[in-house]
Amino acid sequence: MLPYIHFISAVLVSVILAILNWQWWQIILFFIMAFFIDVDHYLLYLFTKKDFSIRNAYIYFKFYKKSEKVKEKLFIFHTIEFLILLVIMTIILEQILFPMLLGFMVHKTLDVISSLTAKEKRYKRAFSIILYKAKRK
Ligand SMILES: [Zn+2]
């Protein structure tokens with residue numbers, strides 16, 4: 001999913017949360033999770049390409065072709081382990097982390113919709129850190 005779609009959806013849901021009388025800090029936590037979770041794409045680009053340019057990272061993922069050697073990408077904040085950790089932490093610190101869990105769910109839902117409706121699959125995302133590591137041994 002392109003960043004601007006995540007941004008627009010995060011803003012729209014934030015407005016709804018504000019109407020529902022959520023605290024401003026809860027809305028900020030929601031927004032951070034719903035929009036900035038894709039920072040893992042940049043981190044992957046940074047560590048594999050050794051390039052700090054956000055613009056180059058954006059272009060790299062936008063025009064990524066399947067023909068490159070690594071077919072499966074590990075986006076750490078998009079894995080089941082990260083979700084499990086977030087759910088466990090939300091149970092402990094419900095009030096603080098529930099907005100982040102909601103942000104994650106909104107973001108991930110849009111990513112899944114995007115991957116199901118995309119005409120051309122560019123790269124496969126690793127579902128799990130453990131499975132990703134196991135495949136590479
Ligand atoms: Zn994403």
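**Helix packing in a predicted model**

Q: At what angle do helix H1 and helix H2 pack, and how far apart are their axes?
A: In this predicted model, helix H1 (residues 3-19) packs against helix H2 (residues 24-36) at an angle of about 160°, and the axes of the two helices are 9 Å apart.

Q: And how would you describe H1 and H2 relative to each other, parallel or antiparallel?
A: With the angle at about 160° and anything over 145 degrees counting as roughly antiparallel, H1 and H2 are therefore roughly antiparallel to each other.

Q: Is the crossing of H1 and H2 left-handed or right-handed?
A: H1 and H2 cross in a right-handed sense.

Q: Which residues meet there?
A: From H1 there are His6, Phe7, Ser9, Ala10, Val13, Ser14, Leu17 and Ala18, and these meet Ile27, Phe30, Phe31, Ala34 and Phe35 of H2. Sorted by class, the contact of H1 with H2 holds 10 nonpolar and 3 polar residues, with no charged ones.

Q: OK, what does H2 do with H6, what's the angle?
A: H2 and H6 pack at an angle of about 35°, and their axes are 7 Å apart. In this pair H2 passes H6 in a right-handed crossing.

Q: Which residues make that contact?
A: On the H2 side they are Gln26, Leu29, Phe30, Phe31, Ile32, Met33 and Ala34, while H6 contributes Pro99, Met100, Leu102, Gly103, Phe104, Val106 and His107. The residues of the contact of H2 with H6 divide into 11 nonpolar and 3 polar, with no charged residue.

Q: His107 is on that list, so where does His107 lie, and is it buried or exposed?
A: His107 lies in helix H6, which spans residues 94-117. Because 22 other C-beta atoms sit within 10 Å and the cut-off for a buried residue is 20 or more, His107 counts as buried.

Q: What does His107 touch, leaving out residues up to four places away in sequence?
A: With those set aside, His107 touches His6, Met33, Ala34 and Ile37. Among them, His6 belongs to the H1 residues that meet H2, and Met33 and Ala34 belong to the H2 side of the contact with H6.

Q: How far apart are His107 and Met1?
A: His107 and Met1 are 106 residues apart in sequence, yet the C-alpha to C-alpha separation is 9.1 Å.

Q: Switching to H5 and H6, at what angle do they pack?
A: Helix H5 (residues 80-92) packs with H6 at an angle of about 150°, and the axes are 7 Å apart. That angle makes H5 roughly antiparallel to H6, and the crossing of H5 and H6 is left-handed.

Q: Which residues make the contact there?
A: H5 supplies Leu83, Leu86, Val87, Met89, Thr90 and Ile91, and H6 supplies Glu94, Leu97, Phe98, Met100, Leu101 and Phe104. By class, the contact of H5 with H6 has 10 nonpolar residues, 1 polar and 1 charged.

Q: New topic: which residues other than glycine have a positive phi?
A: One of them is Asn21, with a positive phi of about 65° although it is not a glycine; Lys50 is another, with a positive phi near 55°. As background, most residues other than glycine have a negative phi.

Q: Where are Asn21 and Lys50, and are they buried or exposed?
A: Asn21 is found in the loop between H1 and H2, and it counts as exposed because it has 6 C-beta neighbours inside 10 Å. Lys50 lies in the loop between helix H3 (39-49) and H4, and Lys50 also counts as exposed, with 7 C-beta neighbours inside 10 Å.

Q: And Arg55, where is that found?
A: Arg55 is found in helix H4 (residues 54-62), where it has 8 C-beta neighbours inside 10 Å and therefore counts as exposed. Between Arg55 and Phe127 there are 72 residues in sequence and 26 Å in space, taken C-alpha to C-alpha.

Q: Zooming out, how many helices and strands does the chain have?
A: The chain has 7 helices and 2 strands, and read along the sequence they follow the pattern α-α-α-α-β-α-α-β-α. The radius of gyration is 16 Å, close to the 14 Å that the globule rule gives for 137 residues, so the chain is as compact as a globular protein of that length.

Q: What about the box its C-alpha atoms fill, and what share of residues is buried?
A: Along the principal axes, the C-alpha atoms fill a box of roughly 50 × 30 × 30 Å, and buried residues make up 15% of the 137 residues. Of the contacts between residues at least 6 apart in sequence, 72% join residues at least 24 apart.

Conventions:
Residues numbered from 1 in each chain as written. Predicted model: local features only at pLDDT ≥ 70, side-chain atom pairs only at ≥ 80, totals over all residues. Helix = DSSP H or I, 4+ residues; strand = E, 2+ residues; numbered from the N terminus. Buried ≥ 20, exposed ≤ 12 C-beta atoms within 10 Å, placed from the backbone. Contact = placed C-beta atoms within 7 Å. Axes fitted to C-alpha atoms, helices over the stretch in contact; angles between N-to-C directions. Parallel < 35°, antiparallel > 145°, perpendicular 65-115°, else oblique. Left-handed = near helix turned anticlockwise from the far one by under 90°. Nonpolar A, V, L, I, M, F, W, Y, C, P; charged D, E, K, R; others polar. Rg over C-alpha atoms; globule rule 2.2 N^0.38 Å.
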